[in-house]
Amino acid sequence: MPEIDLLPATRRALLHRIATAQTDGRAPSLVGAVVRDGAPVWTHGLGLVGGRPPTADTQYRIGSLTKTFVAVLVLRLRDEGRLDLADALGAHLPTAPADTAGLTVAQLLAHTAGLASETPAPWWERTDGSVRPELADILDADGIKHPAGRVFHYSNPGFALLGALVEQLRGKPLEQVLAEEILGPLGMTRTSLLPRAPHADGWAVHPWADVLLPEPATDTGRMAPAGQLWSTAADLCRFAAFLAKGDPAVLAEASLAQMRTPASPLEGPVWDLTYGLGMQLKNDGGRLLAGHTGSLPGFLCTLWVSPADGLGGVVLVNATSGISIGALGADLVRITAEHEPHIPDTWTPLESYDPALLELTGPWYVGPTPALIRLRADGDLEFGPLTGAGRSSRMKAQADGTWLGLEGYYAGETLRIVRDTAGAVTHLDLGSFVLTRQPYGSDTVPGGVDPLGWRGGPA
């Protein structure tokens with residue numbers, strides 16, 4: 001994908017941010033990249049890999065960003081009807097450890113299954129996967145830490161189970177499924193389970209001296225779905241573009257929107273980080289980001305997308321620690337958005353429309369509360385409060401004449417149009433609510449309307 005230049009001031013601000021991070025964090029090498037409207041617009045490498053500055057084609061291990069790839073594969077199975085997110089794991093994976101068989105697919109994706117964060121010893125990230133050859137080896141007798149569905153508790157073994165689920169239902173190794181269903185369609189030719197040259201070596205930097213220690217590059221076996229993948233800035237720019245808008249060859253935009261919806265309990269009155277389905281969600285000063293951070297010994301990674309801004313940020317580092325990787329990736333998005341805010345598409349009138357839909361547009365009332373229905377350019381209806389914040393949803397026409405809520409409070413709910421014998425619209429039913437053209441303006445309102453109607457205050 002060709003790069004489209006950013007403004008010089010934007011490029012300098014981005015370079016300053018990653019240079020400061022690389023110096024202060026003492027990273028042997030670092031690559032940063034920004035995606036805008038589906039294409040890379042900036043990439044820069046610092047430090048040395050094999051005696052040269054790293055490029056957009058240099059492979060780094062991406063750690064737990066691997067989980068988002070696995071989640072996409074699971075959502076593909078759901079969209080094909082091969083499983084339901086509410087299904088118990090054991091219904092599809094007979095080899096799952098007995099204590100995990102009743103956990104749901106959704107709980108595993110959202111880290112609310114209550115499983116242990118890590119495997120039993122030895123340290124799985126630094127030992128060959130052959131020491132735990134079976135699924136039963138990734139959890140011990142104390143592998144359930146919390147009641148399922150109650151709390152968020154990040155679990156690497158949970159995603160090992162999801163990777164095994166994908167292999168079971170596809171009848172193929174995970175690497176092959178990834179190549180066929182994600183990497184190939186998106187043109188990600190430099191993403192793999194094992195490193196391919198040119199790639200960075202992993203290093204630990206001594207906390208009190210500027211010296212390095214090589215980190216092992218292990219094949220983690222059964223734990224690979226939790227953090228095995230290697231990739232490049234160029235490939236992750238392609239993945240970021242996909243995560244922001246979807247690709248019908250891989251996963252529909254609606255399914256990605258579901259992945260970006262919080263699926264685990266929010267902590268505190270104002271949240272800054274939570275989890276969807278295989279995706280971390282970050283509230284960065286009001287900018288909503290989705291993606292994932294990653295770390296394995298010797299490597300750090302982050303990928304964030306802001307669909308509202310049409311932006312994504314990618315950072316790859318070959319150091320075990322020293323850099324706040326999630327904040328750095330978010331800053332690349334923020335800097336670009338502040339220096340070059342998104343230019344909205346030019347408004348144009350509809351070329352054609354269904355005149356009957358105009359009859360549904362305009363103000364409606366839920367009891368005394370005003371609401372508004374607008375006709376969107378794509379033919380959907382947009383329902384929400386007349387002013388301020390409140391319950392809202394996009395509505396899509398269904399074959400039976402109803403409208404289905406796609407998001408927000410009314411996601412999955414049905415809007416029905418009620419007409420009189422002459423065919424005129426009398427009111428709308430949204431769930432159990434009755435929407436009328438005047439406040440409590442119909443005799444169809446449940447509970448009835450006082451026959452004397454609206455009046456002044458009590459005497």
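A residue is called buried under 20% relative accessible area, exposed over 50% and partly exposed in between (1.4 Å probe, protein chains only). The model is predicted: local features need pLDDT of at least 70, side-chain atom pairs count only at pLDDT 80 or more, and totals for chains, interfaces and linings use all residues. Residues are numbered from 1 along each chain as its sequence is written, and side-chain values use heavy atoms, leaving out hydrogens and water.

**View A. F383 and Y410 form an edge-to-face aromatic pair.** Rings of Phe, Tyr and Trp (its six-membered ring) pair if their centres lie within 6.5 Å; planes under 30 degrees apart are stacked, over 60 edge-to-face, and the rest tilted. Here the centres are 5.7 Å apart, with 75° between the planes. Y410 has a relative accessible area of 6%, so Y410 is buried. F383 counts as buried too, at 5%.

**View B. Eight aromatic pairs are counted by this rule.** One of them is stacked: the ring centres of F69 and F239 are 3.8 Å apart and their planes lie at 5°. F69 is buried at 0% relative accessibility, and F239 is buried with a relative accessible area of 0%.

**View C. Ring pairs join Y60, W230 and F299 in a cluster.** Look here for how ring pairs link these three residues.

**View D. The charged end of R391 sits over the ring of Y409.** This label needs NZ of Lys or CZ of Arg within 6 Å of the ring centre and within 35 degrees of the ring normal. For R391 the distance to the centre is 3.7 Å. R126 likewise sits over the ring of W123 with its charged end, 5.6 Å from the centre.
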